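Visitor: I am new to this one. Please pick a single part and take me through it closely, then show me how it sits in the rest.

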Amino acid sequence: MFNALVLDRSEGDLHVGVQELGVEDLPAAGPDEVHIDVLYSSVNYKDALAVTGAGKIIRGGYPIVPGIDLVGRVLESKRADLEEGDPVIGTGWQLGEVDWGGFTQRAKVDGGKLVRLPKHLSPKQAMVAGTAGFTAMLSVMALEEHDVSPDDGEVVVTGASGGVGSMAVTLLDVLDYDVVASSGSEEAHEYLRQRGADRIVHRTAFEDGPERPMESGKWAGAVDAVGGETLSTLLAQVQKHGSVASFGNAAGHELETSVFPFILRGINLLGIDSNTCPNDRRQAAWRRLASVLSDDDFSAMTARTIGLREIPEACESMLSDGIRGRIVVDLQAE
Ligand SMILES: NC(=O)c1ccc[n+]([C@@H]2O[C@H](COP(=O)([O-])OP(=O)(O)OC[C@H]3O[C@@H](n4cnc5c(N)ncnc54)[C@H](OP(=O)(O)O)[C@@H]3O)[C@@H](O)[C@H]2O)c1
């Protein structure tokens, strides 16, 4: 028997609570099923929306174990490339949205959706990063692959105080970029400086959209959590042959732009999707996270470590008060 946080809906009402389950209660995960002893998970904004019911995240029906991230050790595997004892990471791929996720002491996951925990990353550090760190790493890798280098000038991160944005600020800083954090939260300024921001601009600088299709080229690159008018502004302000990694829609999903920055400046708009990122690239991003960030970086990024029973309260406070840093769930704590 083991404990899991179960989300259920009956007569329109959402119920959430820790339940004792048996392994036979876990839905089968197909021909590549891997049974995992889960060590840690993490609370992402998406999880907060799912657990509180504030957003339509659950698409696979109820009951479900939420949690889009997990790390653990293989107990049993139907895949030849994963053996008992192997440490594995699962993020995205509909985990905690369609398939049962990581807020549990045991999980059955399609092994094709797992990557190996890199050697120099502890299970807890993997969940300090979680989907937020993984998405930030994919964004930074995309800029690097499009030749945005530290010598080219400033890189701006929008939604910088958020989960992914603050990870991107730290990664870019550690990699020697001049990082400009765009934030609407005055109270986050000190936190953003600690995370590596060289300069902070208010998000109002971007949110009305550009005055012209091309403005003066200010940024070597950009990492965008916000979308909408903010992304339109970034595209008009990126220097020749610069790139924008777009991963979020915190302010909107629409995008109004022109072809001019693309055809007259050769800029690139790079789409980042952590959910369905192919496994080779996933593995590369996790290795890179392990090599770029130090133990001190991971400690500085950790806001709280909580147990299963504290998840609902943590989700409520994430939505009502916001949170600086990552919330890690220790599944062995109970
Ligand atoms: N593509 C992917 O794979 C992927 C993965 C994870 C998340 N996401 C998406 O990325 C976005 C950010 O995720 P997150 O986990 O970092 O969320 P988060 O922790 O809530 O951070 C979002 C940040 O965006 C800023 N913001 C919020 N509302 C805004 C508004 N109306 N206008 C401008 N800025 C606003 C705020 O930062 P400031 O106060 O500092 O301005 C906020 O902290 C979300 O849209 C999420 O769905 C995508």
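Guide: Start with helix α1. Its buried residues are Tyr45, Lys46, Asp47, Ala48, Ala50 and Val51. Buried means that 20 or more other C-beta atoms, placed from the backbone, lie within 10 Å of the residue's own; exposed means 12 or fewer, and partly exposed is in between. Helices here are DSSP runs of H or I with at least four residues, strands are runs of E with at least two, and both are numbered from the N terminus.

The model is predicted, so local features need pLDDT of at least 70 and side-chain atom pairs need 80 or more, while totals for chains, interfaces and linings use all residues. Residues are numbered from 1 along each chain as its sequence is written.

Back to the helix. α1 spans residues 45–52. It is mostly covered, with 6 of its 8 residues buried. What do they pack against? The buried residues of α1 meet β1, β2, β3 (33–43), α3 and α9 (311–321). A contact here means two C-beta atoms, placed from the backbone, within 7 Å.

Now follow the chain out of the helix. The peptide bond from Tyr62 to Pro63 is cis, with omega near -5°.

Two of the strands that α1 packs against are β1 and β2. The loop between β1 (2–10) and β2 (13–21) holds Glu11. Glu11 is not a glycine, yet its phi is positive, near 50°. Glu11 counts as exposed because it has 4 C-beta neighbours inside 10 Å. Trp93 also has a positive phi, about 50°, without being a glycine. It sits in the loop between β5 (87–91) and β6 (106–110). Trp93 is buried, because 21 other C-beta atoms lie within 10 Å.

Another packing partner of α1 is α3. α3 (163–174) and α2 (123–145) each supply at least two residues of the shell around the ligand. There are 29 residues around the ligand, and Gly159, Ser161, Gly162, Ser183 and Gly248 come nearest. Near means a C-beta atom, placed from the backbone, within 6 Å. By class, the shell has 11 nonpolar, 15 polar and 3 charged residues. Nonpolar covers Ala, Val, Leu, Ile, Met, Phe, Trp, Tyr, Cys and Pro; charged covers Asp, Glu, Lys and Arg; the others, Gly among them, are polar.

Step back to the domains. Domain 1 takes in 2–117 + 299–330, and domain 2 takes in 132–271. These bounds come from an automatic or database domain assignment. The C-alpha centres of the two domains lie 30 Å apart.

Last, the whole chain. It has 9 helices and 15 strands. Of its 334 residues, 48% count as buried. The C-alpha atoms fill a box of roughly 60 × 45 × 35 Å along the principal axes. Among contacts with a separation of 6 or more, 70% join residues 24 or more positions apart.
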